[in-house]
Amino acid sequence: MTAQPGTNLRVNGDRLWDMLMEMAKIGPGIAGGNNRQTLTDEDAEGRRLFQRWCEDAGLTMGVDTMGNMFMTRPGTDPDALPVYVGSHLDTQPTGGKYDGVLGVLAGLEVVRSMNDLNIKTKHPIVVTNWTNEEGARFAPAMLASGVFAGVLTQDYAYARKDMEGKNFGDELKRIGWVGDEEVGSRKMHAYFEYHIEQGPILEAEEKQIGVVTHCQGLWWLEFTLTGKEAHTGSTPMNHRVNAGLAMARIMEMVQTVAMDNQPGCVGGVGQVKFSPNSRNVLPGTVIFTVDIRSPEQAKLDGMRARIEKEAGEICAALGVGCSIEAVGHFDPVTFDPTLVASVRKAAEDLGYSHMNIISGAGHDACWAAKVAPATMIMCPCVGGLSHNEAEEISKDWASAGCDVLLRAVLETAEIVG
C-alpha cells in the first residue's frame, strides 16, 4: 500500500542547523566562511564527517572513481530505482557555509527524519555528495557529475590541472577518495537538489521557497593573450604589445554584449592571471575566463560567437596574440514538470510562500537532468550574496526548504504503510 505524506511532516530544523555549523568548522575561511576546496585535506576531512553521520543514520556508502559519495537508505522494493538527493561539500576559496553544503546535509536530515518517524519507502533514498561542483580549483564546474552524466570523460577530468599544476586524478588519489564504482553505472528514479538561491529575488519578493523550473546555460571561455614583456616606465606607448590592455578592452566588450542581450543574460570575468605579474613589467601573458549565461539557447550561442569575433578584432588591433578555449559548458535546462509540480504542491500543502524561479548558477542537477527526471528547490539568501564568506541564510529558511524537500522526496519515493 502506498500512502501520501502527511501535511504535518516536518524535519528537525535545529538538527539540520547544527550539522551546517559543525561542517563549517572544517576548512574555515578568514572572514566567517569556508575554504574547503575540492580534493584538499579539508575536503577529505569534511567527507569523513559526512560519512560518519550517514553511517550513524544507517546508510551504506558507495564511492565511484570520481570520488562521488552515495549514501543509501534501502527501500522495500529491491528492484525499485533510487530517489537521489544531493549537492556538494566543496567550497570556493572564499566561500560561504551554505552553498552546496545545505543540499547535502538537508538530504541527510530527510533520512534522519524518516528514521525518527519510522517511515519506509518503496524506492531507496540516496544522499549524494558530488566531487568538484565549484570548479574553483579544477575547471570546469560540476566536473564529476558531468562525467557521471556522460558529457565529460574520466580521462579528461583526471587530467584537469589547478593553478599549481597539480592534476585532478593525482589529488583524488592523494586524499584517499578514489572509489571502485564505475562512474555513471548507477540509475536514478529521480534527482532532487536543494540549494540557496545565490541571488536576491526570493528575499526581495518575500518568498520562502523557490520552485526551480529552469537553469541557465553557460559558457566558460578561457582566454590566453600573448603580448610582450616590457618595462612599464621606459617602453614608449606606441612600442607596446600590451596584453593587459587587450584584456581590459575585452572585459568592457563582454559587459556590452551582456547588456545588449537583456533581459536574462549575464557576462563577466572573475579570474585573471598576469605573467610575470610584476608592478613595473607589462604582462607577456594574460589568462582569464569569461563567464556568460542565459536561459535561452540562441542568446547564449550568439553571445559566445560575438565575444570571440570581437575579441579577435581587439587583439589584432593591438598586435596581441589571442587563443580561446571553452573550459566549461552546459545548455539551458528545463527541469522535469512532474517533479516541479511535486515541489510546488509540497510548498502549498505546508503553507510556505513560493514562486517559480530560474537558477542563474549551474548545479549538479543540470547534469543529473541528462540521465533522470530532476528538479531543484531554493531558499533565500541574505542580499543574494554567495561565493562570498559573508553568505548568510536563516535557520527558518533552511528548515522550510528542507520540509518541502522531505515531502517531495517521500511522494516520489512512495511511502509504504
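**Ground rules.** Residues are numbered from 1 along each chain as its sequence is written, and side-chain values use heavy atoms, with hydrogens and water left out. As the model is predicted, local features need pLDDT of at least 70 and side-chain atom pairs count only at pLDDT 80 or more, while totals for chains, interfaces and linings use all residues.

**Domains.** I looked up how the chain is divided: domain 1 is 11–213 + 331–414 and domain 2 is 216–328 (bounds from an automatic or database domain assignment). Their C-alpha centres lie 33 Å apart. I find 14 residues of domain 1 and 13 residues of domain 2 in the contact (heavy atoms within 4.5 Å).

**Buried area.** Between domain 1 and domain 2 I get about 1,000 Å², with 54% of that from carbon and sulfur atoms (accessible area, 1.4 Å probe, that two parts lose on being put together, summed over both). On the domain 1 side, Met163, Asp331 and Pro332 supply 43% of the area buried against domain 2, more than any other three residues.

**Helix pair.** Next I checked α2 (residues 41–56) and α3 (residues 101–116), whose axes come within 10 Å and cross at roughly 15° (helices are DSSP runs of H or I, at least four residues, numbered from the N terminus; axes are lines fitted to C-alpha atoms over the stretch in contact, and angles run from 0 to 180 degrees between N-to-C directions). So α2 and α3 are roughly parallel to each other (angles under 35 degrees). From α2, Phe50, Trp53 and Cys54 meet Val104, Leu105, Leu108 and Arg112 of α3.

Technical notes
Helix = DSSP H or I, 4+ residues; strand = E, 2+ residues; numbered from the N terminus. Parallel < 35°, antiparallel > 145°, perpendicular 65-115°, else oblique.
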